[in-house]
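Reader: Could you take me through the pockets of this model, and then one of its helices?

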Amino acid sequence: MEVHIKETYEQMSIDAARKVADVLNTKPNAVLGLATGSTPQGMYQELVRLHREEGLDFSQVTTFNLDEYVGVPPSHPQSYHYFMHENLFKHINVPPQNVYVPSGTTDNYAAFCAWYEQRIDDCGGIDLQVLGIGSDGHIAFNEPGSSLGSRTRLKTLAKQTIDDNARFFENREDVPIYSITMGVGTILEAEEIILLINGENKAEAAKHAIEGAVCSQYTASALQMHPEVTAYLDTAAAGKLEMTEYYNWIQKMKPGAPRL
Ligand code: GLP
């Protein structure tokens, strides 16, 4: 895993957006895997700026979101459909028919999950997957104990996630208990992955994800098995990492490395 540590959230968001833009400039019809949460908001803002001011084009892009709350309709302000529309889709030129977000209101979850996996395949697979991380080390809604080979499915949220996400709802009781989520196995099939981590409250999760043992208790640690992962952290999130000097050394020495 390549680790980039920046002073501020703004800087890491700009770097992550630059990475997405590089992929789109190389492959204008790329398939993006997208995440919700407060973490990628800065990156989405920068992508919107790049679209508006530098002509970054999404007209041939396809997107697949990681997850959605069960029982929450797309019109609900806390649905991930709504989040994506407000934070990204309505500001860029991605064709609406190319946008996929798991349904939280289907009457047949098993069939929907199988269809979602098939759609990803039919679109040629995900070129670049964007990920945040939960404070319990989860990616998407793959809570502790999720199989590292799991596929898109219905998943019960952990209490810690319900507590963490309660800040977005009026009452804790309003936080959904179930989600529909891409599996760890689904995520690991992406060609390339970027993992965004910011804030002191994610420092422990970051340590397990980047330097811990690969285990289903911290599903982000499975990313260590993937050959093309870049992690973008701010210094607060990197606070518990032991190899920071080494990661910075690698970044410093990279420009001078012999070309392959
Ligand atoms: C939810 C989402 C994850 C996200 C996590 C962290 O659990 N399913 O995809 O990474 O929240 O959210 P935040 O970035 O708001 O801390």
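This is a predicted model: local features need pLDDT of at least 70, side-chain atom pairs count only at pLDDT 80 or more; totals for chains, interfaces and linings use all residues.

Reader: What volume does the largest pocket have?

Author: The largest pocket has a volume of about 650 Å³. Of its 36 lining residues, Thr36, Gly37, Ser38, Asn165 and Phe168 are the closest to its centre. A pocket here is an open set of points on a 1 Å grid over the protein atoms alone, where a 1.4 Å probe fits, with protein on both sides within 12 Å along at least five of seven lines; lining residues have an atom within 4 Å of a point.

Reader: Which element gives the most to that lining?

Author: Helix H3 does, with five residues.

Reader: And the second largest pocket, which residues line it?

Author: Its lining consists of Lys254, Pro255, Ala257, Pro258, Arg259 and Leu260, and its volume is about 160 Å³.

Reader: Turning to H1, which of its residues are buried?

Author: With buried meaning under 20% relative accessible area (1.4 Å probe, protein chains only), the buried residues of H1 are Tyr9, Met12, Ser13, Ala16, Ala17, Val20, Ala21, Val23 and Leu24.

Reader: What covers them?

Author: The cover includes strands S1, S2, S6, S9 and S10, together with helix H2; contact means heavy atoms within 4.5 Å.

Conventions:
Residues are numbered from 1 along each chain as its sequence is written. Side-chain values use heavy atoms; hydrogens and water are left out. Grid points are joined across faces, edges and corners, and a volume is the space filled by probe spheres set on the points. Helices (H or I, at least four residues) and strands (E, at least two) are DSSP runs, numbered from the N terminus. Buried means under 20% relative accessible area, exposed over 50%, partly exposed in between (1.4 Å probe, protein chains only).
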